[in-house]
Amino acid sequence: MSDASNDANDIEKLYVYGERLSEAKDKSQNVEDYNSIIEAARSSSIKARQLAAQLIPRFFKFFPGLSGPAVDAHLDLCEAEELGIRVQAIRGLPLFCKDTPEHISKIVDILAQLLIAEENVERDAVHKALLSLLRQDVKASLTALFKHIESVDEPVTDDNLRERTLIFIRDKVFPLKSELLKPQEQMERHITDLIKKSLQDVTGAEFKMFMDFLKSLSIFGAKAPTERVQELVEIIEGQADLDAQFSVSDGDHVDRLISCLYMALPFFIRGASSSKFLNYLNKHILPVFDKLPEERKVDLLKNLAESSPYAAPQDSRQILPSVVQLLKKYMPQKKTGEEMNFTYVECMLYTFHHLANKAPNATNSLCGYKIVTGQPSDRLGEDFTELYKDFTERLNCVEDLTKATMKKLTQGMGQQNKTTSTAISDEEKAKIKIQKQNATTGLRTCNNILAMTQPLHTKSPSFIGDKRINLSWNEAVKTVAPANTAGGKRPANAIKGPSNQSNKRSRGGSNQLVDRAFEGLSYGGRGGSRGGGGQGRGRGRQGRGRGYYR
C-alpha cells in the first residue's frame with residue numbers, strides 16, 4: 001500500500017513540476033523543478049519514469065546547463081527493462097533537437113544504435129523518430145546514419161547494427177528521396193558522397209542496392225551530362241579493383257570483375273568510357289582466359305561482346321590482337337577433329353566485328369586483310385597471305401559446323417512438335433517447352449554466326465558496326481530498350497559442341513548443342529548460381545564478388 005502511495009506521490013510531484021514550468025514566463029528560473037524531473041528518471045515507479053520521459057525533452061531547451069544530465073537520464077529510460085518506458089523515451093528523442101538542432105547528430109547516432117531492438121513496436125518508434133529528424137535536417141541526419149554502415153575513418157564493428165541501419169536506409173530513406181533530399185541537387189550530391197565512403201567493404205547485393213539508388217537520382221538521370229555517368233562507372237571500377245594486380249586463382253576478384261563489367265554496360269551505352277575495363281581485360285584476363293572457371297568464361301565473353309560497340313578506336317586497336325588470338329583458338333581448322341563452342345564463337349565474332357569496325361586496318365596484320373586507310377599502320381607492303389588463308393579456312397569450317405548443327409536443330413524441333421501432343425504429365429510438357437526454348441536459342445546463335453562470318457571472306461571486308469546482329473541471349477530487339485541491358489536475364493552456360501576430352505564422333509555426328517536442346521537442360525539467368533547470397537562482407541576485401549545480379 002505504501003509503495004502505491006509513494007508512486008502516486010511521485011507522479012503528483014511530476015505533474016506539479018510540469019505545470020509550473022509550463023506556466024513560468026522565464027522557465028530558466030525553475031532549475032530545481034527541471035532537475036527534479038531528471039531525478040524522476042531513476043524512480044521505482046514505472047508511470048513516473050514514463051512521465052519523466054515526456055517531460056525531460058519537452059523543457060530541455062530551457063536548461064542548457066543541465067543538457068548532459070538530462071540526455072544521460074533519458075538514455076537510461078531508453079534502455080529500461082519495461083517496453084512501455086523504452087518506447088516513450090524513444091518517441092521523445094527527436095524533441096531534444098526541435099529547438100536545439102546542434103544535437104541532431106548525437107540523437108541520430110543514439111537512435112541508430114536502437115535499430116537493433118527486437119520488439120516491433122520499439123523498432124517502429126525508432127524508425128518514426130529517425131524520419132522525424134531526417135525531415136528536420138536531412139544532411140546532418142544522413143551523415144550520422146551512414147557512420148553506422150561504414151566509412152574509411154570509422155570502421156564498423158557491429159555487423160548486426162550495420163545490417164539494421166542498411167535495412168532502414170533501404171526501406172525507409174530511399175523510397176522517400178523526393179521528399180527528403182531537398183534542396184535536390186545539393187542533397188543528392190551529399191548522399192552520393194556518403195555512399196561512396198561506404199563502399200569500401202560491401203557485399204555484391206549491398207553494392208547493387210546502392211548503385212540502383214544512385215541511378216535513380218536526378219543528378220544521374222537521363223539528362224545527366226556524360227561526366228556524371230562516368231562518375232558512376234568510376235564507382236563500379238573501384239568495386240572491380242581495376243588497380244589491383246590480378247590473380248586467376250582469386251575467384252572472388254574474377255566474380256567481382258565480371259559482375260561489375262555487366263553492371264557498367266548501361267553506362268557505356270550512355271557515353272561513359274569503357275577504356276579502363278577493356279585495358280584491364282586485355283592486360284590481365286584475356287591472356288589467362290583458359291584458366292578461368294568454366295562457368296565464368298561465357299559470362300566474360302558475353303560482357304565483352306556487349307561492351308564492344310562502345311569501345312573507343314584506340315582501345316579497339318589495342319585489344320583486337322588478343323580477341324583475334326582467342327577467336328582463332330575457338331574456330332577449329334578442318335580435318336583436325338577439333339570441336340566448337342558455338343556461344344564462344346558468337347561472342348567473339350561479335351566483339352571482333354565491332355572492334356574492327358573502329359580500327360579496320362589493324363586486321364591486316366592479324367587476319368591478312370588488305371584494308372587501305374592511307375596510314376602506315378596499313379602495313380600493305382608486308383605479306384600476310386598465310387594469315388588470310390588460315391583465317392578463311394577457319395571461317396569455312398565454322399560455317400560448315402554451324403550449318404550441320406542448324407539442320408539437326410531443325411530436325412529435332414520437328415520431332416518435338418510431334419511429341420508435344422503425346423505429352424501427358426506437366427513434367428513432360430515442361431521438359432519439351434525447355435527443349436524448344438533451348439533449340440530456338442541455338443538456332444539464333446547459329447544464324448548470328450553465319451551472318452557474321454559471311455562478310456569476312458573478302459580481302460577488304462566491311463565490318464559490322466551497327467545493331468543488325470541481336471545477340472542470341474537477348475530478347476527480340478522490338479521488346480528491349482537499351483536501358484534494359486543491365487537487368488536482362490541471359491543464359492549462363494555456353495552452347496558447346498562435343499567435349500574436347502573425347503575425339504570420338506558418333507556415326508550421326510552428334511553435337512552437344514543439339515543434345516542440350518533435347519535433354520531439357522534449362523539455361524539459367526545471367527549469373528546462374530553466382531549470387532551466393534552475398535554472405536559476409538569479406539573483411540580483407542574477400543567475399544564481395546557474389547550477388548551483383550540479384
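Begin by selecting helices α18 and α21, where α18 passes α21 in a left-handed crossing. In this predicted model, α18 covers residues 342–358 and α21 covers residues 426–453. Their axes come within 9 Å and cross at roughly 35°. To display the contact, show the side chains of Phe-342, Thr-343, Val-345, Glu-346, Leu-349, Tyr-350 and His-353 on α18. Sorted by class, the contact of α18 with α21 has 7 nonpolar, 5 polar and 1 charged residues.

Next, display the whole chain. The secondary structure comes to 22 helices and 0 strands. Of the 550 residues in the protein chain, 51% are buried. Among contacts between residues at least 6 apart in sequence, 71% join residues at least 24 apart.

Now turn to the interior. In soluble globular proteins, nonpolar side chains tend to be buried together. Here the largest nonpolar core has 155 residues. Select Tyr-34, Ile-56, Leu-111, Phe-277, Phe-352 and Tyr-369, which have the most contacts inside this core. Helix α14 (residues 251–269) supplies the largest share of the core, 11 residues.

Centre the view on Tyr-369. Which residues does Tyr-369 touch, not counting those up to four places away in sequence? They are Phe-352, Thr-363, Asn-364, Tyr-388, Phe-391, Leu-395, Leu-456, Thr-458, Lys-459, Pro-461 and Phe-463.

Is Glu-82 buried or partly exposed? Its relative accessibility is 24%, so Glu-82 counts as partly exposed. Leaving aside neighbours within four places in sequence, Glu-82 is in contact with Ile-46 and Arg-49. Gln-50 is 32 residues from Glu-82 in sequence, and their C-alpha atoms are 9.8 Å apart in space. Then select the buried residues of α5: Ile-85, Arg-86, Val-87, Ala-89, Ile-90 and Gly-92. What covers these buried residues includes α3 (46–58), α4, α6 (104–113) and α7 (120–136).

The following stops concern the backbone. Most residues other than glycine have a negative phi, and most peptide bonds are trans. Select Lys-182 and Pro-183: the peptide bond from Lys-182 to Pro-183 is cis, with omega near -5°. Pro-183 is found in the loop between α10 (177–180) and α11 (184–197).

Continue to Asp-241, in the loop between α13 (226–239) and α14. Asp-241 is not a glycine, and its phi has a positive value, near 55°. At 15% relative accessibility, Asp-241 counts as buried, because buried means under 20%.

Proceed to Arg-379, in the loop between α19 (364–367) and α20 (385–420). The phi of Arg-379 is also positive, near 55°. Arg-379 has a relative accessible area of 36% and is therefore partly exposed.

Finally, colour the chain by pLDDT. The chain averages a pLDDT of 84, and 82% of the residues score at least 70. Over residues 477–511 the pLDDT is below 50, and this stretch has 78 contacts in the model beyond near neighbours in sequence. Over residues 514–550 the pLDDT is also below 50; this stretch has 127 contacts in the model beyond near neighbours in sequence.

Technical notes: Residues are numbered from 1 along each chain as its sequence is written. This is a predicted model: local features need pLDDT of at least 70, side-chain atom pairs count only at pLDDT 80 or more; totals for chains, interfaces and linings use all residues. Side-chain values use heavy atoms; hydrogens and water are left out. Axes are lines fitted to C-alpha atoms, for helices over the stretch in contact, and angles run from 0 to 180 degrees between N-to-C directions. Helices (H or I, at least four residues) and strands (E, at least two) are DSSP runs, numbered from the N terminus. A crossing is left-handed if the near helix is turned anticlockwise from the far one by less than a right angle, and right-handed if clockwise. Contact means heavy atoms within 4.5 Å. Ala, Val, Leu, Ile, Met, Phe, Trp, Tyr, Cys and Pro count as nonpolar, Asp, Glu, Lys and Arg as charged, and the others, Gly among them, as polar. pLDDT is the predictor's confidence in each residue, from 0 to 100. A nonpolar core is a set of buried Ala, Val, Leu, Ile, Met, Phe, Trp, Tyr and Cys residues joined through side-chain atoms within 4.5 Å. Buried means under 20% relative accessible area, exposed over 50%, partly exposed in between (1.4 Å probe, protein chains only).
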